[in-house]
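Please keep the sequence and the model at hand while going through the numbered points.

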Amino acid sequence: MRWLPSLAAAVAVLAPAFAGAQTKIDFFFPVPVDGKLAREMARLTKTYNDSQKEVAVTAVYTGSYDDTKLKAQAAANAGKSPAVVLMSANFVLDLKIAGDIVSLEPMLKADGTTRARFLEDFWPAVQPNAVVDGDLYAVPFQNSTPLLYYNKEHFKEAGLDPEKPPRTWAELVDAAKKLTKADRMGFGLPEGYDYMGWMMQTLTMSNGGRYFNEDYGGEVYYDTPSMLGAAQLVEDLVFKHKVMQQGVVEGGALSTNFLAGKVSMMLLSTGSLSFVRENMKQPFGVAFVPRNVRNAVPIGGGSLVMFKGLSEEQKQAGWKFAKWLSSTETLGGWSRFTGYFSPRKSPYDTAEMKEFMTRNPEAKVALDQLPHAGPWFATYQTVAVRKALEDEIQAVLNGKKKAPQAIKDAQKNADALMKPYVDLTALRLP
Amino acid sequence: MTTIAAHASSPAALGQRRRPLRTRLARRTWPFLLLAPSLLMLAAFTYWPIVRVAWESLHDKPHGTRESLFVGLGNYSALFADKAFTQSVVNNLVYAAGTVPASMALALLFALALQRSTRFNAVVRALLLFPSMVPLVAAASLFFFIFLPGVGLLDHYLAKLGLRGANWLGDPDIALWSLIGITIWKNAGYYMLFYLAGLQTLPGDVLEAATIDGANGWQRLRHVIVPLLAPTTAFVLVIALINVLTQVDHVIVLTKGGPSNSTKLVLYYIFEQAHENFAAGKAAAASLLSVSFLLALSVVSLKTMERGAHAAS
């Protein structure tokens with residue numbers, strides 16, 4: 001995909017050569033997995049450039065979400081800020097705290113609208129990650145939730161009904177026990193960094209918990225009964241019920257094992273749906289994440305943000321482009337192409353989307369789970385605070401620590417990481 | 001080297017007394033003018049960044065504040081108070097102890113076995129060199145599939161032998177050793193090249209004399225070949241130690257420092273502090289420490305290499 005930036009650059013150089021008062025802006029975007037997506041994004045940008053004359057967008061493919069954050073920060077420090085960046089939705093808070101991104105409120109005001117009216121069409125679950133301290137800082141663009149994937153063939157072999165996947169933790173453990181054989185694990189979780197944190201948020205939410213304070217970046221709820229239940233479940237799946245691989249299994253390794261029929265059920269992102277559909281030989285099904293207390297999942301995904309250091313014209317141009325990218329039509333098309341769900345509700349009322357849903361019943365399950373979704377955890381030092389928990393749960397997975405001790409240590413380390421922020425905010429008293 | 005320089009400079013020194021000041025100045029500045037392009041590049045891309053890192057290591061801008069404050073050695077004390085840093089140093093030491101002697105011993109063994117230039121040996125040499133030509137990122141991506149728990153190549157063949165594989169990258173007691181394995185596989189062939197070159201330069205008469213004196217193969221190796229190869233060994237050792245500190249591609253691709261920090265090497269720790277944790281000051285302090293270590297290493301090794309070279313000749 002190395003040619004993409006140069007192709008995009010060529011488009012940008014050629015297109016505006018004739019127009020006089022055109023504003024040139026950069027758009028940085030990551031593609032987590034697939035090269036196909038980068039080509040589609042370049043096509044979208046070209047469509048936008050061809051559709052009007054005031055703004056010329058250069059789309060720059062910038063690697064993973066992490067690389068994109070690095071490159072956008074480096075470009076901003078060098079005085080060449082990208083106007084629009086597609087950023088991991090849970091980096092928004094940290095970037096705002098670091099002063100790297102700008103508030104979108106002035107643009108809303110200039111448009112004669114309000115945050116509430118602008119966000120009205122977006123799913124409630126995606127909104128908190130776009131708002132920091134009451135101001136809009138991001139526009140949701142592509143989103144996902146975790147799903148339960150299961151192998152229907154294995155269900156039949158084990159005498160389970162392939163149309164009745166487990167709905168509760170008890171049913172999950174029961175099914176996993178029946179599915180586990182000498183060379184096959186009944187259940188698996190993606191446990192590498194990043195995914196592990198998301199999975200613990202999934203389990204603690206299914207257990208009635210919240211993981212973090214949605215309204216304040218200085219609190220996480222690691223040492224709580226809901227998280228203890230989640231951590232204990234993970235420990236028991238490995239050591240008591242013996243239905244899950246001991247040690248850490250990365251997301252890529254887990255999906256490979258699932259495709260190879262070595263794991264019968266797994267939790268994985270809706271973002272992997274098309275990958276599994278294209279590569280799975282045996283029939284598979286998807287279902288809601290099983291609950292203990294309630295059905296609840298976190299969202300994941302990416303949002304559009306605007307970096308500091310832009311001229312007024314570039315800001316206006318970037319905002320125009322961001323609005324176009326997050327329009328009902330663009331979001332609907334992008335969702336059908338990628339398998340992410342659209343953060344807007346309106347695309348699902350269109351005829352194309354209704355037809356798509358009948359052809360892809362799995363996508364329908366993901367959509368039905370959305371009303372049960374909540375925001376993705378984001379705190380001061382999101383990554384380090386997440387790793388504070390992940391390191392401990394990974395120790396549990398390896399039998400090096402017991403769940404109750406692990407969550408206590410995780411809470412202690414996370415609190416230490418967030419202390420500077422807490423001292424500057426909630427504990428700065430008159 | 002020094003004698004040549006002395007000879008070359010003596011006529012110039014004679015001439016200086018007679019020539020006018022302008023010419024003398026020109027003579028002094030001329031070499032610097034010639035060196036200017038590379039000096040400029042070195043200054044811009046090596047010396048200035050080092051100065052910047054040193055400066056940054058004494059300052060801190062806590063995430064969430066806007067001003068960079070002078071904190072003296074605060075970043076350094078924060079570094080040593082950070083358990084993740086001390087663990088990354090320990091990991092790096094284990095990694096060095098695991099990779100350097102093993103890959104060097106293998107390299108010497110390969111070189112000894114393949115020192116004669118036959119067609120068969122040429123093929124085997126190429127095969128052994130192959131891993132070092134694969135970029136580390138690509139090699140790590142390949143090993144992802146080899147190390148896959150359950151379905152990976154390694155577990156597949158172990159299963160044929162009736163053995164059960166481990167969770168190669170997911171067990172904190174094993175993961176670092178899996179990375180050590182990749183590194184040895186990758187570097188042994190490369191170090192072999194140096195030993196092959198070193199073996200070509202060994203004086204034949206010394207070996208012959210040893211043979212005539214009745215030394216057996218092991219004795220020749222232990223008392224003649226290995227000591228004569230000392231300069232090569234010193235050189236390879238430096239390269240290997242630098243690799244230990246500067247290569248983390250496989251960590252990034254395979255483990256991201258996990259599980260539970262067990263594969264976090266110092267350079268990855270620096271990356272994490274700088275780019276994930278908004279802690280540029282701590283990253284700068286750790287960078288300066290590892291650069292100083294590399295600098296000290298090069299100075300010491302260059303000295304010993306010179307001495308080794310003299311002793312060998």
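1. Leaving aside its neighbours within four places in sequence, which residues is A:Val92 in contact with? The model is a predicted one, and in it A:Val92 is in contact with A:Met87, A:Asn129, A:Ala130, A:Val132, A:Tyr137, A:Ala138, A:Ser303, A:Val305 and A:Ala378, once neighbours within four places in sequence are left aside.

2. The residue A:Val92 also has a place in the largest nonpolar core, which holds 183 residues. Together with A:Phe27, A:Tyr149, A:Val305 and B:Ala107, A:Val92 touches the most other members of that core. The element that gives the most to this core is helix 8 of chain B, spanning residues 175-200, with 10 residues.

3. Chain A is divided into two domains. Domain 1 of chain A covers 3-137 and 300-370, whereas domain 2 of chain A covers 146-298 and 376-424. Their C-alpha centres lie 29 Å apart. The contact between them takes 18 residues from domain 1 of chain A and 21 residues from domain 2 of chain A. On the side of domain 1 of chain A that touches domain 2 of chain A, helix 4 (92-97) and helix 16 (361-369) of chain A each supply at least two residues. Helix 16 of chain A gives the most to that side, with five residues.

4. Two packed helices are described by the angle between their axes and the distance between the axes. In chain A, helix 10 (residues 225-239) and helix 18 (residues 403-424) pack at an angle of about 130°, and their axes are 9 Å apart. Angles over 145 degrees would count as roughly antiparallel and 65 to 115 as roughly perpendicular; helix 10 of chain A and helix 18 of chain A are therefore oblique to each other. Helix 10 of chain A passes helix 18 of chain A in a right-handed crossing. From helix 10 of chain A, the residues A:Met227, A:Leu228, A:Ala231, A:Gln232 and A:Glu235 meet A:Ala403, A:Pro404, A:Ala406 and A:Ile407 in helix 18 of chain A.

5. The axes of helix 4 (residues 83-113) of chain B and helix 8 of chain B cross at roughly 40° and come within 6 Å. These helices of chain B are therefore oblique to each other, and their crossing is right-handed.

6. Not counting residues up to four places away in sequence, B:Asn187 touches B:Ser103, B:Ser132, B:Ala240 and B:Asn243. The C-alpha atoms of B:Asn187 and B:Gly74 are separated by 38 Å, and these residues are 113 residues apart along the chain.

Key: Residues numbered from 1 in each chain as written. Chains lettered and ligands numbered in written order. Predicted model: local features only at pLDDT ≥ 70, side-chain atom pairs only at ≥ 80, totals over all residues. Core = buried A, V, L, I, M, F, W, Y, C linked by C-beta atoms within 7 Å. Buried ≥ 20, exposed ≤ 12 C-beta atoms within 10 Å, placed from the backbone. Helix = DSSP H or I, 4+ residues; strand = E, 2+ residues; numbered from the N terminus. Contact = placed C-beta atoms within 7 Å. Axes fitted to C-alpha atoms, helices over the stretch in contact; angles between N-to-C directions. Parallel < 35°, antiparallel > 145°, perpendicular 65-115°, else oblique. Left-handed = near helix turned anticlockwise from the far one by under 90°. Domains from an automatic or database assignment.
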